[in-house]
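Subject: The structure, and what turned up in it

Hello,

Here is the structure I promised to pass on.

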Amino acid sequence: MFLYNLTLQRATGISFAIHGNFSGTKQQEIVVSRGKILELLRPDPNTGKVHTLLTVEVFGVIRSLMAFRLTGGTKDYIVVGSDSGRIVILEYQPSKNMFEKIHQETFGKSGCRRIVPGQFLAVDPKGRAVMISAIEKQKLVYILNRDAAARLTISSPLEAHKANTLVYHVVGVDVGFENPMFACLEMDYEEADNDPTGEAAANTQQTLTFYELDLGLNHVVRKYSEPLEEHGNFLITVPGGSDGPSGVLICSENYITYKNFGDQPDIRCPIPRRRNDLDDPERGMIFVCSATHKTKSMFFFLAQTEQGDIFKITLETDEDMVTEIRLKYFDTVPVAAAMCVLKTGFLFVASEFGNHYLYQIAHLGDDDEEPEFSSAMPLEEGDTFFFQPRPLKNLVLVDELDSLSPILFCQIADLANEDTPQLYVACGRGPRSSLRVLRHGLEVSEMAVSELPGNPNAVWTVRRHIEDEFDAYIIVSFVNATLVLSIGETVEEVTDSGFLGTTPTLSCSLLGDDALVQVYPDGIRHIRADKRVNEWKTPGKKTIVKCAVNQRQVVIALTGGELVYFEMDPVCYFIIHYVFTSLNGVLLRTVLDPVTGDLSDTRTRYLGSRPVKLFRVRMQGQEAVLAMSSRSWLSYSYQSRFHLTPLSYETLEFASGFASEQCPEGIVAISTNTLRILALEKLGAVFNQVAFPLQYTPRKFVIHPESNNLIIIETDHNAYTEATKAQRKQQMAEEMVEAAGEDERELAAEMAAAFLNENLPESIFGAPKAGNGQWASVIRVMNPIQGNTLDLVQLEQNEAAFSVAVCRFSNTGDDWYVLVGVAKDLILNPRSVAGGFVYTYKLVNNGEKLEFLHKTPVEEVPAAIAPFQGRVLIGVGKLLRVYDLGKKKLLRKCENKHIANYISGIQTIGHRVIVSDVQESFIWVRYKRNENQLIIFADDTYPRWVTTASLLDYDTVAGADKFGNICVVRLPPNTNDEVDEDPTGNKALWDRGLLNGASQKAEVIMNYHVGETVLSLQKTTLIPGGSESLVYTTLSGGIGILVPFTSHEDHDFFQHVEMHLRSEHPPLCGRDHLSFRSYYFPVKNVIDGDLCEQFNSMEPNKQKNVSEELDRTPPEVSKKLEDIRTRYAF
């Protein structure tokens, strides 16, 4: 079996975000890393919409990302630290829309290792040097400069190593044009290592160390080091030179401290806390990320706490000394992995989980009533300031970027009866989690919908002059009339346009530079710019049936088969490169040779059951084609690949491109008796999504086969249930009243009442953190089409739901039951659990309500439940058990105690049970009905930390592990599952089992490293009439498929494409493609379609070389790439 890997939806979680002028113009852009993907985003300064300019797979782990520019330069470069053991400097080339690798310097082994640099990057603020550091020991400094041709140069590395030292963070210190300086948070563990009592380890302090690069002597010196009181988690550079006081801010638990060397005293300020917070009071508070904004006259920092509150931090200086730190509550946004303040006044927030946001900074928060906290205010040691969180005041949300990260579970099914299956995806974390329904298609935004006096049959837009940016008129044709609408601030009917209104229109367009032409059944009307009209009437009784118009020519077909051709004087025109034609529901795209007129490279796609109509529109400044059948499709070019994507919208009948000030790239379309103005903003997106909010992190869900309702279990660690929250609030309110003196009682009672009434939405302000070992869970029944909750069962505090199944029991007839496996008082580290329960509910009211039957106590966590032959299999810790339904509880019928660690999943087929162990891969178990025994008869030879599994057939199982690998494992044909368990223990030696396991071993059919943790696998078809594929979803929000090759020649062809691309187009960040895909196990029987598809973005001469090696032409290669994609998916 040979498979081909395709990504349908790239990962959406963001790990790093940097901003700068990467294209060398004044426009601000953002570069984000999504694990193994680099992406360039540009927020439109007028509309605030974020556009993706370029996305590149780098086939390596991006561990750090920095922007820098040389002194006096206008363009920012990108430095990437990855797992390739190399430092890579990239430059964005706007003309080719690609990242060009300018430098690649090798310094160590590949892989994410402790002492190989790549984890931390720091840049000298003046762009003269960059430091790349490992977690331990090694640090290298590279000097950056220009040569005579103004090209960027890089020096050999200068070492700044120190053994036995752990690094927590590194930044470049702004020292103006003095020798470049880097600040490090370090910890020396040498004493702790050599001291067996453990005393030294308890007393080890973190240090702040400054490294100076001496440009004269060309080496790096450890300039200065001092121990820190608190444990810091990151550093912020303070502007220096002529812009500010220099130095660094150290963010640590509960405090932020300013340090600089010289006579500067340390200035430290506590991090303010929320007033009346329900959090565990012992819990410290830290800043998790920050952004710096600097203008010629001032600078400030925005720092975000782990609850999502942003503080604006400013420094007060006296000459060159900092005298105080001031903090002011700014706003609360979801917790970010990275924030960027752009010069255009935007704040980009790359959320840790869930959607990402772009905010406009409307106010700087200088003149409001919000209290300002200062390091100069007197406080007892250990005390802090308090503030009151509130809805947004200084920020305005302007754009939201959908992100599925993290996807915890996914099922693919056509529950809405739409022919094409939908993906039901459980994603998000805590109160920001959601169930999203994904459908293949582009999201359509309705700009305007207006009813018309009848059912029109066509619509066009025309400009007044060839140089106009926007359209002037919308012309709507009815059976016996034509309506002309003028486009301005609003769209309204006009009668003085020169168009004939008493007849239907066949076509209209701009003719020449500034004249309009209207073709109608009885003739042609030529309207000049000064409203003079020329008419040409059809001869005799003939009428015009069809016509074609461009800027210089008109061709009409009359009844009786006559063609008449008109042209304007001097003819000069060009031919579009592509010709689109359609045949009863099929779209053909053909390349037309502009010199010889030859047609070549025809590609076909079935679009729907109705004949196809085609319309030219503009998308992102390029030509695109809108094709309408029973669904509407858009064919457009995006990031050097052709996309043909359906619109997620109702059926349209006729359309035309539309451009106005409010909507520069829209479409005007008609549907029955309405005129609609539509915009497509999310080009390149494969799915459009509908999200239904949930309360806690969704762990799993099952589909009830009869009603198609979903039963979802949601569980959060470190969380309170609603009941506990209410109880804690009540308790705190009572304490407030009790703590007040006699005369303040009334005021305190009012405050307590206000506190009890206040309800800040947790999806924005976060849920209170309850502390370790505290769990909250709900079981929800949801209608997946409307997204409404039909039933909600709240579990007790510290009961955590881990597994769910819907099944029938053979002794109870047709009733459906839901079983939920719950852990009681689970503590993750060091692991302990007070036991577990299996809750049994009966589904009543056509699967809309859960009726509680009983709960069955078990001794460990029931982490997997699966229906099996009219009974149910439950994995209780490492015990595999068969249960049946009883009156008071579930009755244990059979058990197997020989599974190694902990059962994480159960699949069943026939008499076979395939158990996934949390760390020992798969174990095959046979159930013998007559002896009532579960007998292990085979297992795998590799340890795998299985996260999810899917059966492919009776002998084959696909699985994924937590390190980002997918494998397919198959039992050899001679496997015998009729083995007997040996009660006597005097088995023949040769029968005793292999490698301490079962006596029969499975074979590995395929191994592949995806590079993101896969949490769901399913064998399914994604398009009606398509073939089956294995669909996987990842923790980072990616969706991909593995598809089987149907012929040897296809496999051979793609193997050669992959081989040539590995050598001709190596990954951008210097990682070897073959070794990346073989991170944990050598890649076996999988060809990487993501690499093959980079063929389209190669330079034309390289494309030519590769395709000649394959005895093809470049269009034939890209047609093969497109065909395999459209055969299985989109």
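A word on terms before the notes: helices (H or I, at least four residues) and strands (E, at least two) are DSSP runs, numbered from the N terminus. This is a predicted model, in which local features need pLDDT of at least 70 and side-chain atom pairs count only at pLDDT 80 or more, while totals for chains, interfaces and linings use all residues. Residues are numbered from 1 along each chain as its sequence is written, and side-chain values use heavy atoms, with hydrogens and water left out.

The whole protein

There are 10 helices and 83 strands in the protein. Its radius of gyration, taken over C-alpha atoms, is 33 Å, close to the 32 Å that the globule rule (2.2 Å times the number of residues to the power 0.38) gives for 1130 residues, so the protein is as compact as a globular protein of that length. Along the principal axes, the C-alpha atoms fill a box of roughly 110 × 90 × 75 Å.

Of the 1130 residues, 54% count as buried; buried means under 20% relative accessible area, exposed over 50%, and partly exposed in between (1.4 Å probe, protein chains only). The accessible surface comes to about 48800 Å², with 49% of it belonging to carbon and sulfur atoms. These areas come from the Shrake-Rupley method with a 1.4 Å probe, and for residues only the protein chains shown count as cover.

Contact here means heavy atoms within 4.5 Å. Among the contacts with a separation of 6 or more, 55% are between residues 24 or more positions apart.

As for charge, the protein has 109 positive and 146 negative side chains, and the centres of the two sets lie 5 Å apart. Lys and Arg count as positive and Asp and Glu as negative, with His and the chain ends not counted; each charge is placed at NZ of Lys, CZ of Arg, CG of Asp or CD of Glu.

Helix 6

Helix 6 covers residues 1048–1064. Its 17 residues reach 24 Å from the first C-alpha to the last, close to the 24 Å expected at 1.5 Å a residue (the expected span is 1.5 Å times one less than the number of residues). Its buried residues are Asp1050, His1051, Phe1053, Phe1054, Val1057, Glu1058, His1060 and Leu1061. What do they pack against? Their partners include strand 1 (3–9), helix 9 (1100–1109) and helix 10 (1114–1128).

Asn709 sits in the loop between strand 60 (698–703) and strand 61 (710–717). Is Asn709 buried or exposed? Asn709 is buried, with a relative accessible area of 6%. Val781 is 72 residues from Asn709 in sequence, and their C-alpha atoms are 6.7 Å apart in space. Beyond its neighbours within four places in sequence, Asn709 is in contact with residues including His704, Val781, Pro784, Asn846 and Glu848.

Leu843 is part of strand 66 (residues 836–844) and is buried at 9% relative accessible area. Setting aside neighbours within four places in sequence, its contacts are His704, Ile711, Val806, Trp816, Val818, Lys849 and Leu850. Gly813 is 30 residues away from Leu843 along the chain, with 13 Å between the C-alpha atoms.

Apart from neighbours within four places in sequence, Leu401 is in contact with Leu41, Val50, Asn355 and His356.

The loop between strand 33 (395–401) and strand 34 (407–413) holds Pro406, and the peptide bond from Ser405 to Pro406 is cis, with omega near -5°. Another cis peptide bond joins Asn829 and Pro830, where omega is about -10°. Pro830 is in the loop between strand 65 (817–824) and strand 66.

Two positive phi values

Phe59 is not a glycine, yet its phi is positive, near 50°. Phe59 lies in the loop between strand 5 (50–57) and strand 6 (62–68) and is buried, at 0% relative accessible area. Lys531, also not a glycine, has a positive phi of about 70°. Lys531 is in the loop between strand 44 (523–527) and strand 45 (533–537) and counts as partly exposed, at 41% relative accessibility.

Enjoy exploring it!

Best wishes
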